[in-house]
Amino acid sequence: MGVNAEKKDRCGTVCLKYLLFAFNFLFWLAGGAVMAVGLWTLLKKSDYISLLSSRIYAISAYILCLAGVIVMVTGFLGCCATFKEKRQLLRVYFVLLLCIFLLEVVAGVLAYIYYQQLSHELTSNLNNTMVNKYKQPEQDHITEAVDKLQQEFKCCGSHNSSDWTANIWVNTTERKVPDSCCKTPKELCGKRDHPSNIYRVEGGCITKLENFIMDHLKLIGAVGVGVACVQIVGMIFTCCLYRSLKAEPY
């Protein structure tokens, strides 16, 4: 009976090892996905981040990048701990899983908070940023961001094209809107603000940018929740394997 029980326990331990190894492989891939979303936010959409007065959106992306790196390192450590059957390594692995889980919770909370206040922030600040900083000294990054925003989302002005009447550069160059408002951008095309020449979008660029950021915040939240669920499974497997190894004789 004792021999059979020992074999049964050992078989259970082996099954747990392979389950945890499979989990670590998926976890490693998930870490790559998390890091990719964070990097895409910071690198490809960094222009739009410069138009926001709050840093919460950028901080959420940085947290995702950090979590992604830790996830990939942790996945490798988990494989080592699983095959070597070292309880000390399993303890470290469990703590790292918990830390990543907390990081993702923080990122999720920040994303949710920002989701709630995004509309107010854009309404309060975007028009001021576009009108007062566009084409001004040492504000090249804002100028590039605004031009990219208007061309990519096919909009003109924060609320509508008339917002640009308050911009100094537009008035001094005899334009009515920046050239990036034009459907076919070219030098001085902004002198004519007829609907056939420039973009007229209901709600202006505020609505377009708000929808884009909200969709991206949903993506950040979905990725975070998905990986967090995978982590909970991993922590359960780790605890089971740890208890199984603890029960075995040295």
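Tutor: The radius of gyration is taken over C-alpha atoms, and the globule rule used with it is 2.2 Å times the number of residues to the power 0.38. This is a predicted model, where local features need pLDDT of at least 70 and side-chain atom pairs count only at pLDDT 80 or more, while totals for chains, interfaces and linings use all residues. Residues are numbered from 1 along each chain as its sequence is written, and side-chain values use heavy atoms, with hydrogens and water left out.

Student: What radius of gyration does the chain have, then?

Tutor: The chain has 26 Å, whereas a compact globule of 250 residues would have a value near 18 Å. Taken along the principal axes, the box filled by the C-alpha atoms is roughly 95 × 30 × 25 Å.

Student: How many helices and strands are there?

Tutor: The chain has 7 helices and 0 strands, these being DSSP runs numbered from the N terminus (H or I, at least four residues, for helices; E, at least two, for strands).

Student: At what angle do α3 and α4 pack?

Tutor: Helix α3 (residues 56-84) and helix α4 (residues 87-133) pack at about 160°, with their axes 9 Å apart; axes are lines fitted to C-alpha atoms, for helices over the stretch in contact, and angles run from 0 to 180 degrees between N-to-C directions. The two are therefore roughly antiparallel, a label for angles over 145 degrees.

Student: And which residues of α4 meet α5?

Tutor: Thr129, Met130 and Lys133 of α4 meet Ile142, Thr143, Val146 and Gln150 of α5, where contact means heavy atoms within 4.5 Å. Helix α5 (residues 140-152) packs with α4 at an angle of about 115°, the axes being 10 Å apart.

Student: Changing topic, where does UniProt put the "transmembrane region"?

Tutor: The unreviewed UniProt entry places that annotation at residues 21-43, 55-80, 92-115 and 219-242, though annotations may be inferred rather than shown by experiment. In the model, residues 55-80 are 96% helix, with end C-alpha atoms 38 Å apart, and residues 219-242 are 100% helix, with end C-alpha atoms 34 Å apart.

Technical notes
Parallel < 35°, antiparallel > 145°, perpendicular 65-115°, else oblique.
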